[in-house]
Amino acid sequence: MKTIFRIALGLLVLTGSSSAADKPNVILMVADDLGYQDLSCYGATKLATPRIDSLARDGARFTDAHSYSGICMPSRYAILSGRYGYRLTRPMDYACNFDPGQVLMPQLFREAGYRTAAIGKWHNGFGNQREVDWNAPLKPGPLEFGFDSFFGTPRTHSEPPLVFVRDHAILGFDPNDPISVDKSPGTGAHGKQIGGKKAMEQRPDEKIDMISADEAVKFITSKNTTQPFFLYLAWQAPHNPINPSGEFRGKSQAGIYGDYIQQLDHCVGVVLDALEKKDLARETIIVFTSDNGGRYLREALRKGHRCNGGLLGQKTDLWEGGHRVAMLARWPGRIPAGTVRQEYFHQVDLMATLADLAGAAMPAGASPDGASEKSAFLDPVKAPVKRTEGMHHGTRGLALRHRQWIYIPAQGSGGKTVPEPAKPWSIPYREMPNKTGDVDESGKIKPGAPKEQLYDLAKDLAQTTNLAATQADLLPDLRQRYAAFTAGVKLQKSGGGE
């Protein structure tokens, strides 16, 4: 596979590809659990995100963009590989989720002459064993799949080990204080870290994104060269624990949740300022998005902030609130400023799209579920619709988007919202601002509700009315399309961490 890839790239060079100096830099920023209406440019009024909003002002804002999944790990897998996470035949856990020879987004850029880096949250595993030996070199990992360097957290900042990793090793690792994760009953959903005191001290929780922003600046400014760069910058905010640094607390009108997002906005601004200072802004493509929808928190909601706006559901769900996300794209002079793309966009297409925009070669077999949406970026208003359907994942199943229709082959949210389980991580369904007709106020499926769900998003974006009974003539075709996507696939129960 690697040999074929290099031959293909060699042929591209021989046939007159542009030089490295002519290629744009690319920065892909992925926030963690940022809701559809968590930014001012998407309607938030209780918090302010002027630096992120500037990307919408100077570029394109997507209003029907979607992550693959309602949770973190499967979405990040799809972004980096151009492949739906449900196709992975083993559970997503601590081991590296990518297979030997699998071509990821950074490899396309590195082979095209780019220097590459991953900074921030990795959350796609290390090594070949389900239980990682945190005291040994952490590989395979980012460096084995196209990144020249990596600095960040192994998983979400709430999941042990609570450390930074640089390349293959834990930062501040002390061999006299080895690290392990105790997953015995009573240690929490993700276990408890044992050892690694010095390493933990080097990762202050409230400053993770600020440190990542500084690392990004170092990467952007580290070399005086015409070599272009690709930076995958994965922020931690606003994933729980909601823990903004002291200087940002009390600055928003949405509680510490809003404060945390405003800290994220500051961190994005640090990176934007570095580009301006190096005179690189005009030759850099920036995409900003989230790995899934937001999760409702009681304090923010009571203060009038709806993280997912008028959408039904939240993180983990197959309802729109679980996977419809904010997405902004800026490339001065190429992406028209202040434009809006209203058509469907799926993050599984990011790999092929960014490679196409940058002129990076796509070998056969790369991004098997994704395709380039270059025209949607360069002409957001007039570019014709290219993708008309795609698959989406919740912690309890899959859904099919087909044109304006979303088909869910089961009852409930497809995630952790309905049927309502005990969930300390968010508010219960009965307190959520948006409701659907199939579920009563207590969060239980109503007797007689259809066994499947069908919503017309063009007419009912809030998903108030299930049309599975009244539009039953549409179901056979949608079932067949869903079956074609999942044929021969043994679906995992949850498909990855949160």
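**View 1. The surroundings of L231 in the predicted model.** Setting aside neighbours within four places in sequence, L231 is in contact (heavy atoms within 4.5 Å) with V26, I27, L28, A117, I119, A216, F219 and I220. This is a predicted model, in which local features need pLDDT of at least 70 and side-chain atom pairs count only at pLDDT 80 or more, while totals for chains, interfaces and linings use all residues. Residues are numbered from 1 along each chain as its sequence is written, and side-chain values use heavy atoms, with hydrogens and water left out.

**View 2. The largest nonpolar core.** A nonpolar core is a set of buried Ala, Val, Leu, Ile, Met, Phe, Trp, Tyr and Cys residues joined through side-chain atoms within 4.5 Å; buried means under 20% relative accessible area with a 1.4 Å probe, protein chains only. Among the 61 residues here, L231, W235 and F288 touch the most other members. Helix α7 (residues 255-277) is the biggest contributor to this core, giving nine residues. Helices are DSSP runs of H or I, at least four residues, numbered from the N terminus.

View 3. Look for residues 60-66: six of the seven are buried, so strand β2 is largely enclosed by the rest of the structure. Strands are DSSP runs of E, at least two residues.

**View 4. The partners of β2.** Strands pair if DSSP finds at least two bridges between them. Five bridges link β2 to the antiparallel strand β11 (residues 324-330), where M327 is the bridge partner of F62. With β12 (residues 339-341), β2 pairs in the parallel sense over three bridges, and here F62 stands opposite R341.

Terms used
Buried < 20%, exposed > 50% of the residue type's maximum accessible area, 1.4 Å probe, protein only.
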